Amino acid sequence: MSDTQSTVIVIGAGIVGISCALHLQKQGYRVTVIDPRGVAGGASHGNAGLVVTGECVPLSTPEMAKALPKLLLDRNSPLQMDWAYAPKMTGWFYRFLRAGTPRQVEYAAASLSALLEKAAAAHYELAEQAGCCNSITRSGWLKLFERDDTYRAARADFDRMERFGVRCDYMDAAAIQAAQPNLTPVFKHAVNHPDTLQIVNPGGYVKALGSLFLRQGGQFVQAEIVGLTCKDHLVTAALSQTERYEADAFVIAAGAWSKKLSADTGTPVPLDTERGYHIEIDVAAEHTVSNPLFWGEHSVVMSPGGGRLRITSSVEFAGLHKAPDFRKLAAKRNEFQRIHRHPLGKIRAEWLGFRPSVPDSIPVIGRANRAENTFLAFGHGHIGLTLGPLTGKIIADLVAGICPKLMLHPTLPPVLPTNKEIK
């Protein structure tokens with residue numbers, strides 16, 4: 001598309017969709033964003049608020065493939081499965097295990113590394129335009145381990161990161177106490193990623209970007225798109241239950257809800273959701289950690305700010321429709337207190353969100369296979385906030401017919417037959 005008066009509909013108003021919309025506006029397009037939950041109504045609101053520029057290791061690795069059966073069967077594992085939903089995930093897990101071979105892990109890590117190295121600059125570019133650069137701080141990210149065995153298991157991923165240039169600063173117990181005096185002395189090992197950025201209020205940050213989009217003439221429609229109509233290798237309209245929305249081009253950035261819409265374009269993608277919970281606990285800044293941390297034994301992230309500690313859980317596989325169950329994360333409150341020297345306050349907020357996850361961890365970014373005017377921007381898993389602005393820039397270039405300078409990886413084939421290479 002080269003006509004800068006053309007119209008584009010972006011389906012999804014999270015960080016990915018809003019970033020796509022802003023970059024499309026830069027290219028001169030008239031853009032409408034459609035989402036039933038409003039701006040930042042999904043995972044963009046409830047995540048830990050970290051721009052993790054070093055997280056280039058995919059979830060599926062040889063070590064994870066070996067540990068997966070035990071993790072799924074252990075009721076206290078950070079990985080939980082609703083066994084009534086399990087039959088729907090058979091294909092997803094088959095592809096997940098295929099993606100865990102050493103060769104495919106190397107391909108995925110190289111692909112993700114190429115994206116992540118440009119992620120921080122893409123955030124600052126949009127934040128400067130929206131006047132919210134002060135929302136972003138370079139906090140670092142401390143990964144803590146109480147036990148030798150969990151630390152040794154994590155070392156394989158750290159070694160992979162370092163091969164791709166990710167900075168990993170190793171710390172012993174004394175260094176941990178010096179850096180985080182509000183923690184009790186229970187941690188033996190830590191790794192700090194000092195280049196990690198923190199956005200304390202990710203929902204507010206995305207809403208600030210959304211406000212910029214509206215100030216620049218963008219349109220927002222609060223509706224749920226349930227399908228796309230296609231004719232002659234083009235999408236002609238996005239359909240809600242009651243309305244038909246037409247445009248010259250379409251971007252599917254609906255996160256975990258993108259699977260059916262992508263299939264409508266002739267591009268089936270093995271997308272599912274990793275359900276993630278968070279709770280927020282009252283705690284004074286001087287009584288808690290000064291930087292975000294990951295607690296290896298419980299696989300939770302703790303992100304401080306605003307007089308609260310946001311604690312996010314790892315993974316629950318149960319689909320999009322099962323009611324939330326906050327009991328498991330809330331039941332760990334005594335454990336969270338155990339590692340703090342000072343008393344924590346009450347749980348003030350609980351939330352469930354849906355991470356859009358593909359088996360090989362490489363986000364789906366590119367043109368739809370059988371719809372020349374439709375573009376895919378979803379499947380970012382745990383790094384949606386991190387890669388949202390960069391994804392928007394890539395998609396806007398593709399819509400405009402500009403060859404993006406970035407290619408995920410030119411030498412190894414992806415494990416999944418999806419259109420992921422940016423050419």
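**Exercise 1.** How many residues apart are Phe93 and Phe96 in helix α4, and what does that make of their separation in helical turns?

*Solution.* The model is predicted. Phe93 and Phe96 are three residues apart in helix α4, so about one helical turn separates them. Both Phe93 and Phe96 are buried.

**Exercise 2.** Classify the ring pair of Trp92 and Phe96 as stacked or edge-to-face, then do likewise for Phe93 and Phe96.

*Solution.* 
1. A pair of aromatic rings is described by the distance of the centres and the angle of the planes.
2. For Trp92 and Phe96 the centres are 5.2 Å apart and the planes stand at 15°. Planes under 30 degrees apart count as stacked, so this pair of Trp92 and Phe96 is stacked.
3. Trp92 and Phe96 both belong to helix α4 (residues 90-98), four residues apart. Trp92 has a relative accessible area of 6% and is therefore buried.
4. For Phe93 and Phe96 the figures are 6.3 Å between centres and 80° between planes, an edge-to-face pair.
5. Ring pairs join Trp92, Phe93, Phe96 and Phe317 in a cluster.

**Exercise 3.** Over which ring faces do Arg37 and Lys143 lie?

*Solution.* Arg37 lies over the face of Trp257, 3.9 Å from the ring centre. Lys143 lies over the face of Trp141, at 4.6 Å from the ring centre.

Methods
Residues are numbered from 1 along each chain as its sequence is written. This is a predicted model: local features need pLDDT of at least 70, side-chain atom pairs count only at pLDDT 80 or more; totals for chains, interfaces and linings use all residues. Side-chain values use heavy atoms; hydrogens and water are left out. Rings of Phe, Tyr and Trp (its six-membered ring) pair if their centres lie within 6.5 Å; planes under 30 degrees apart count as stacked, over 60 as edge-to-face and the rest as tilted. Helices (H or I, at least four residues) and strands (E, at least two) are DSSP runs, numbered from the N terminus. Buried means under 20% relative accessible area, exposed over 50%, partly exposed in between (1.4 Å probe, protein chains only). A charge sits over a ring if NZ of Lys or CZ of Arg is within 6 Å of the ring centre and within 35 degrees of the ring normal.
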